[in-house]
Amino acid sequence: MKTLILTGSPRKKGHSMCMAEYLAEYLDGETEYLSLDNRRDITPCRDCRYCYTHPECAIHDGMQEIYERLEAADRIVFVAPVYFYNIPGSMKAVLDRLQVYWAGVLRGDKKPLTKKGAILLAGGAPESPRQFAGAIQTLEYMLDDLGAKCVGEACMGGTDKRELDEREDVREKLRQIAQEMNLSPERN
């Protein structure tokens with residue numbers, strides 16, 4: 001099993017990355033990290049709608065690497081800090097280029113849910129009931145378009161005051177997600 005962890009944090013040792021590394025400790029198989037932060041080799045989506053009639057993007061740039069890695073992965077994990085209730089702009093710019101997968105749905109080529117996915121989010125503000133709702137919704141839809149069933153989300157608010165090592169509740173959730181991701185498809 002191959003897990004692709006897509007990170008959107010500009011801080012390489014920040015809270016969201018700590019969550020990703022903790023999860024990876026419990027995952028079986030190969031784990032690969034891919035930073036989506038400040039990818040200067042990726043052009044923003046132009047909404048040219050080429051992908052509405054073709055199974056690929058009209059723009060050929062650094063996204064080809066991301067498309068290949070997504071296709072090769074059995075499990076996909078989105079990891080990001082939450083700024084003002086959603087994912088960072090640099091990560092969102094990359095997700096916009098994944099429009100080609102949504103266009104597949106429109107063309108009648110929706111990917112079956114053969115992969116597993118998860119969402120890990122961290123935010124500095126004190127925890128509130130809807131703090132992560134926007135980011136979760138965005139990333140759940142993206143996982144679905146990628147053919148990945150979301151098996152769980154782990155969200156950690158209040159990171160301005162508390163670290164992952166002080167949050168047994170979040171560590172337990174990460175272990176549960178790993179356990180669910182490690183299950184073979186026929187047992188899920």
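Visitor: Why is Tyr26 called partly exposed?

Guide: Its relative accessible area is 35%, and partly exposed lies between buried, under 20%, and exposed, over 50% (1.4 Å probe, protein chains only). The model is predicted, so local features need pLDDT of at least 70, side-chain atom pairs count only at pLDDT 80 or more, and totals for chains, interfaces and linings use all residues. Residues are numbered from 1 along each chain as its sequence is written, and side-chain values use heavy atoms, without hydrogens and water.

Visitor: What makes Tyr22 buried?

Guide: Tyr22 has 13% relative accessibility and therefore counts as buried.

Visitor: How many aromatic pairs are there?

Guide: The count is 2. Rings of Phe, Tyr and Trp (its six-membered ring) pair if their centres lie within 6.5 Å; planes under 30 degrees apart are stacked, over 60 edge-to-face, and the rest tilted.

Visitor: Why is the pair of Tyr22 and Tyr26 called tilted?

Guide: The ring centres of Tyr22 and Tyr26 are 5.2 Å apart and the planes stand at 45 degrees, so this pair is tilted.

Visitor: What makes the pair of Tyr67 and Tyr101 edge-to-face?

Guide: The planes of Tyr67 and Tyr101 are at 65 degrees, with centres 6.2 Å apart, so the pair is edge-to-face. Tyr67 lies in helix H2 and Tyr101 in helix H4, 34 residues apart, so the pair links distant parts of the chain. Helices are DSSP runs (H or I, at least four residues), numbered from the N terminus.

Visitor: Are Tyr67 and Tyr101 buried or exposed?

Guide: Tyr67 is buried, at a relative accessible area of 11%. Tyr101 also counts as buried, with 11% relative accessibility.

Terms used. Helix = DSSP H or I, 4+ residues; strand = E, 2+ residues; numbered from the N terminus.
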